[in-house]
Amino acid sequence: MLLPGVTAVFVRASSPRTAQPSGNRSRLPSSDRPTAVGCVKSALNPPSPADQTRTIRINAAAIADAVSGVVPDAAVLARSSPGALSIIYAGPRARCPDPARPPDRTLDLPDRLLMPGLVNAHTHLDLTHIGPVHHEPGDGFVKWVDHIRANRRSDDDAIDDAVRLGIARSIAGGTAVVGDIAGAPAGRMTVAPARALACSPLIGVSYLEFFGIGGSAADATRRLTEFTRELMPATRRQLDGSGVRLGLQPHAPNTVDLGVYRWAASLARTHGLPLSTHLSETPEERSFVSDAAGPQRELLERLGVWHDSILDHIGKGKHPVAHLLPILETQPVLCAHVNDAPDGAIRTLAGSGTPVVYCPRASEYFGAAEHFGSHRYRDMLAAGVPVCLGTDSIVNLDTPDRISVLDEMRLLHRRDGVDARTLLAMATVNGADALGVDRQLVTLEPGPVLALIPVPVPPGTREPWNDAMMQKSAPEPPILSRERF
Ligand SMILES: [Zn+2]
């Protein structure tokens, strides 16, 4: 549903700034950054003639962001121009300043809570065509992996279609920033998801996933090297100005040799690529890494890639987090899931400054708590681990119409009673930090913002946050001004 008189498209910040994560600060020299081509979004940020700048005031039941928490009876004063939205003021209505001239438009939304666009730090948009799939946790992770392998699309046009569907589902959920995992069909690294993201309103990182263990390790390092030499430079030029960057995603410790992780980490340092991985997700991963046993070993044997060289680094009795420490201590690696996190693992994550993406619905879908107990994201936060939120793919979600961390926030609110500011930090600024995106863009602080998301609440409510968290409907399309004001 559209708000009356409001255009339902995203506003792009005047400059889709991305910050380099610490340890990954290398940048292309300016001479290697030609103008973006095709549908890349640099054209969305032209200088705005003064007469196209408009101000809008929105009076809302409440606003909420990670900096100020929930502010009831609030007002937002914003400036819009083609392709840009900038907050002038967001706070209590009574303190909203009167601009020199009246706003060009005023919206009264007594039944909406407004929040900034959300950050989904771990998702797989190229699986969106599959849709939600019922899964019995007792069937195990390997059976599920077989299902995904059978349904993953292999040619770039079909992948592009799936990612575009995922982008639409993400926007329907109020998402502004993604950490998207670009799967490797038949082992081939593809930039099709990155190109699709660059043509969309979303910004973030497209992490190119790869596998490489035992018999497939040498192939993986060769493909990685070829990618950075051949496909990556031109793709980066095409993405320039889009707010979308390439990254690398070694899949998981049970599918990637430690030596291949090292190789990827060194390429990432050399080329300024962010890194992410799945880590400590399943009991199968734990028994494989610790004991070189279990269904994951059987899977590798079935695929014909098991090689005894794997025993050089696997089967040493280590927890997956300890196993990966040589990589984590060299540079930031965004680690998805970490369902299995004993005290020592949390200390390692905190000590190495490793950010974690918790995907609450995915953890429930696979029954992680039955194996490892409740997810320890609150202990991680208390220990100083930056924890953000992700959805994983739509396959494990209960919301076929959207892919959104709003629903992860709602689950944690209902199940664990987590306070608003913690949820908002996990759903916005922590994810932005982890993806190297300027956190300002996902707050309501004065300055550029990517989007304003309205969530319906009952008119006159005294508990707008609780009402927004307890309902199950999608947020409305982002509020925006670009064409109307
Ligand atoms: Zn994943």
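The model is predicted. The protein chain holds 16 helices and 14 strands. Of its 485 residues, 53% are buried. Among contacts with a separation of 6 or more, 79% join residues 24 or more positions apart.

**Strand β6 and its partners**

- Strand β6 spans residues 175-182 and is mostly covered, with eight of its eight residues buried.
- One partner of β6 is strand β5 (residues 118-123), and the two pair in the parallel sense over four bridges. Within this pairing, Asn120 stands opposite Val178 of β6.
- Another partner is strand β7 (residues 203-210), which runs parallel to β6 and is joined to it by six bridges. Here Ala182 stands opposite Leu208 of β7.
- Together with helix α3 (residues 192-198), strands β6 and β7 form a β-α-β unit that is right-handed.

**Helices α4 and α5**

- Helix α4 covers residues 217-239 and helix α5 covers residues 258-271; their axes come within 10 Å and cross at roughly 10°.
- Angles under 35 degrees count as roughly parallel, and α4 and α5 are therefore roughly parallel to each other.
- On the α4 side, the contact is made by Ala217, Ala220, Thr221, Leu224 and Thr228. On the α5 side, Gly259, Val260, Trp263, Ala264, Leu267 and His271 take part.
- Sorted by class, the contact of α4 with α5 comprises seven nonpolar and four polar residues, and no charged residues.

**Helix α14 and its cover**

- In helix α14 (residues 420-427), the buried residues are Leu423, Leu424, Ala425, Met426 and Ala427.
- The elements covering the buried residues of α14 include strands β1 (54-65), β5 and β12 (387-389). Helices α13 (405-416) and α15 (429-435) also belong to this cover.

**Positive phi outside glycine**

- Ala186 is not a glycine, yet has a positive phi of about 50°. Its place is the loop between β6 and α3.
- Ala186 has 7 C-beta neighbours inside 10 Å and so counts as exposed, the cut-off for that class being 12 or fewer.
- Asp392, also a residue other than glycine, has a positive phi near 55°. Asp392 lies in the loop between β12 and α13.
- Asp392 is buried, because 27 other C-beta atoms lie within 10 Å and the class begins at 20 or more.

Definitions and conventions: Residues are numbered from 1 along each chain as its sequence is written. This is a predicted model: local features need pLDDT of at least 70, side-chain atom pairs count only at pLDDT 80 or more; totals for chains, interfaces and linings use all residues. Two strands pair if DSSP finds at least two bridges between them. A crossover is right-handed if, with the strands pointing away from the viewer, the path from the first strand over the helix to the second runs clockwise. Axes are lines fitted to C-alpha atoms, for helices over the stretch in contact, and angles run from 0 to 180 degrees between N-to-C directions. Angles under 35 degrees count as roughly parallel, over 145 as roughly antiparallel, 65 to 115 as roughly perpendicular and the rest as oblique. Two residues are in contact if their C-beta atoms, placed from the backbone, lie within 7 Å. Ala, Val, Leu, Ile, Met, Phe, Trp, Tyr, Cys and Pro count as nonpolar, Asp, Glu, Lys and Arg as charged, and the others, Gly among them, as polar.
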